[in-house]
Amino acid sequence: MNFSYICNINHIIFRHMNSASATFINPLTDFGFKYLFGQEEHKQFLLSFLNSLMTGQRVITDVEFVDKERINEDKDGRALIYDLHCKTADGHKIIVEMQNRYQTYFRDRAIFYMSGDIYHQGRRGSEWNYCLTPVYGVFMMNFDWHEGQEEPLREDVCLMNECTHEVFSDKMRMTFLKIPMMDKNADDCRDTFDRWLYLLKHMDKMEVMPKVFMNDPVFRRLGEVAKVAALTDNEREAYDKSLKVYRDSYAIAETERAEGREEGRAEGRAEGRAEEKLSNARNLKKLGIPIDIIAKGVGLSESEIASL
């Protein structure tokens, strides 16, 4: 059988397994994230999402994409970090970033990232007076920050006076969103922010857009353009590749978590056995049993027993 024919058959099978059964694309993949939030023709989705985040703070009427193809992704796909850079009509900069893999110092990384955007506003010469353009960062995390521990879905961070709790400066603000913490049903979503978080977490598993969302024209439009069947052949191929990277990374993460849990259990069992040896040695020592006999019986050295 012709090799190219086999490859073509395998590609068709892969496409069917990955996307034929799904109604909507996965917005947490590289392709899905950029397709929905990083294109001029879909700008309404990004505006709706950002304004839902900033309700009560400000209203964004328009955004301009800057370096919209900039992606920070490790060569092996393990980091899976996608970002969008844009600026508002009044010149404020906004970074929207998605991270699909756990990173120990993610908060530090976010601070470093934001600081770099502020630092590069500097201008040479005596005429610059250090007036900065505000930078707003939205960091979405598709992982449990502390597995098994309760934590807020959203964290808003700004420069604040520690004594008065008043905002010291609005030049740098960060919002951290933990997608796995979204535990509401579609009917329980109270506002546009809730609905976006629900869709980010569940959209690739839905068959239809929730009816309670359809009063909003933005979500009606999303229900049309986010369908896998609406993609062109080239878009479908790019999505399938992106989905494979996403799933491979998820599988690696699950394996690492399972290994970590097993390692923790093994360490716990080892510590328990060690403590049991020490307890037995103490009891035998209190009974006046010679140290050399205790050592042979419990498996500790004579010096360890003497120190008890």
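Which residue in β7 is the bridge partner of M160? I looked it up, and the partner is V167.

**Ground rules**

I am working on a predicted model, where local features need pLDDT of at least 70, side-chain atom pairs count only at pLDDT 80 or more, and totals for chains, interfaces and linings use all residues. I number residues from 1 along each chain as its sequence is written, and side-chain values use heavy atoms, with hydrogens and water left out.

**Hairpin**

I took helices (H or I, at least four residues) and strands (E, at least two) as DSSP runs, numbered from the N terminus. I count two strands as paired if DSSP finds at least two bridges between them. β6 and β7 run antiparallel and are joined by seven bridges. Their hairpin has six residues between the strands, and H165 there takes a positive phi near 65°.

**Cavity**

I searched the whole structure and found one cavity of 30 Å³ or more. A cavity here is a set of points, on a 1 Å grid over the protein atoms alone, where a 1.4 Å probe fits but cannot get out; lining residues have an atom within 4 Å of a point. Grid points are joined across faces, edges and corners, and the volume is the space filled by probe spheres set on them. The largest cavity holds about 40 Å³. I list its lining as Q57, Y136, D156, V157, R173, M174 and T175. β7 gives the most, with three.

**Cores**

I define a nonpolar core as buried Ala, Val, Leu, Ile, Met, Phe, Trp, Tyr and Cys residues joined through side-chain atoms within 4.5 Å. Buried means under 20% relative accessible area (1.4 Å probe, protein chains only). The largest core has 52 residues, and M140 is among those with the most contacts inside it. I checked M140 for contacts (heavy atoms within 4.5 Å). Beyond four places in sequence, its partners include F33, F49, L177 and L200. A second, separate core of 13 residues includes A110, F139, M172 and M174.

**Helix α5**

Is α5 enclosed or open? Eight of its 11 residues (192–202) are buried, so the rest of the structure largely encloses α5. W196 and L200 are among the buried ones. The buried residues of α5 pack against α2 (30–37), α3 (43–53), β5 (135–141), β6, β7 and α6 (217–225).

**D83**

I found D83 in strand β3 (residues 81–88). D83 is buried, at 2% relative accessible area. Its C-alpha atom is 10.0 Å from that of F37, 46 residues apart along the chain.

Definitions and conventions
On a 1 Å grid over the protein atoms alone, a cavity is a set of points where a 1.4 Å probe fits but cannot get out, and a pocket is an open set with protein on both sides within 12 Å along at least five of seven lines; lining residues have an atom within 4 Å of a point. Buried means under 20% relative accessible area, exposed over 50%, partly exposed in between (1.4 Å probe, protein chains only).
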